[in-house]
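Subject: Handover of a structure and findings

Dear colleague,

Please find the structure below for your own study. My findings follow it, and I would ask you to read them with the structure open.

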Amino acid sequence: MSIEPINNMKYSVKSVKFFHSPDGGGFNCTLFKDGKKVAYVHDQGRGGCLHYDCLNGWDFGTYDFDLVVYDLVEEYRMKKEAKKGIMVKVPYGYQIISYQ
């Protein structure tokens, strides 16, 4: 699960943990850049921006990483769910139609 949004740098997420919250759900994960850990990311599940605990002086500058991280986490979730069941492509994305 990786994406190349900026200057061919490869970003990915690992250690994704989902949880329930009063307003839906949230997640915690670790953000990697070119295979190196750069930040811990926390979505409180209350409808705000993501919170970043940057490591080793990493700074994402003026770029809004929220959409990048959401895409990476969604890709992670879909690949994890795909292992559990049979997925088919539908007009708006993918859907699991049955579980093994």
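This is a predicted model: local features need pLDDT of at least 70, side-chain atom pairs count only at pLDDT 80 or more; totals for chains, interfaces and linings use all residues.

Is R46 buried or exposed? R46 is exposed, because its relative accessible area is 59%; exposed means over 50%, buried under 20%, and partly exposed in between, with a 1.4 Å probe and protein chains only.

Residues are numbered from 1 along each chain as its sequence is written, and side-chain values use heavy atoms, with hydrogens and water left out.

Overall layout

The protein chain holds 1 helix and 7 strands; helices (H or I, at least four residues) and strands (E, at least two) are DSSP runs numbered from the N terminus. From that terminus, the order of elements is β-β-β-β-β-α-β-β. Of the 100 residues in the protein chain, 30% are buried. The accessible surface comes to about 6800 Å², and carbon and sulfur atoms account for 51% of this; the areas come from the Shrake-Rupley method with a 1.4 Å probe, and for residues only the protein chains shown count as cover. Among contacts (heavy atoms within 4.5 Å) with a separation of 6 or more, 26% are between residues 24 or more positions apart.

R46 is placed in the loop between β4 (36–43) and β5 (51–54). Its C-alpha atom is 7.3 Å from that of S21, although R46 and S21 are 25 residues apart in sequence.

Most residues other than glycine have a negative phi. S15, in strand β2 (residues 9–21), has a positive phi of about 55° although it is not a glycine. D34, in the loop between β3 (24–33) and β4, also has a positive phi, near 50°. S15 is partly exposed at 47% relative accessibility, and D34 is partly exposed at 46%.

Aromatic rings

How many aromatic pairs does the rule give? The count is 3 aromatic pairs. Under this rule, rings of Phe, Tyr and Trp (its six-membered ring) pair if their centres lie within 6.5 Å; planes under 30 degrees apart count as stacked, over 60 as edge-to-face and the rest as tilted.

The ring centres of Y11 and F65 are 5.0 Å apart and their planes stand at 65°, so this pair is edge-to-face. Y11 lies in strand β2 and F65 in the loop between β5 and α1 (66–82), so the pair ties together parts that are 54 residues apart in sequence. Y11 is buried at 3% relative accessible area, and F65 is buried at 1%.

F27 and Y70 also form an edge-to-face pair, with 6.0 Å centre to centre and 80° between the planes. This pair links F27 in strand β3 with Y70 in helix α1, 43 residues apart. F27 is buried at 5% relative accessibility, whereas Y70 is partly exposed at 31%.

Y11, W58 and F65 form one aromatic cluster.

The 17 residues of α1 should span 24 Å at 1.5 Å a residue, and the end C-alpha atoms are 24 Å apart, which agrees; the expected span is 1.5 Å times one less than the number of residues. The buried residues in α1 include D66, V68, V69 and L72.

Yours sincerely
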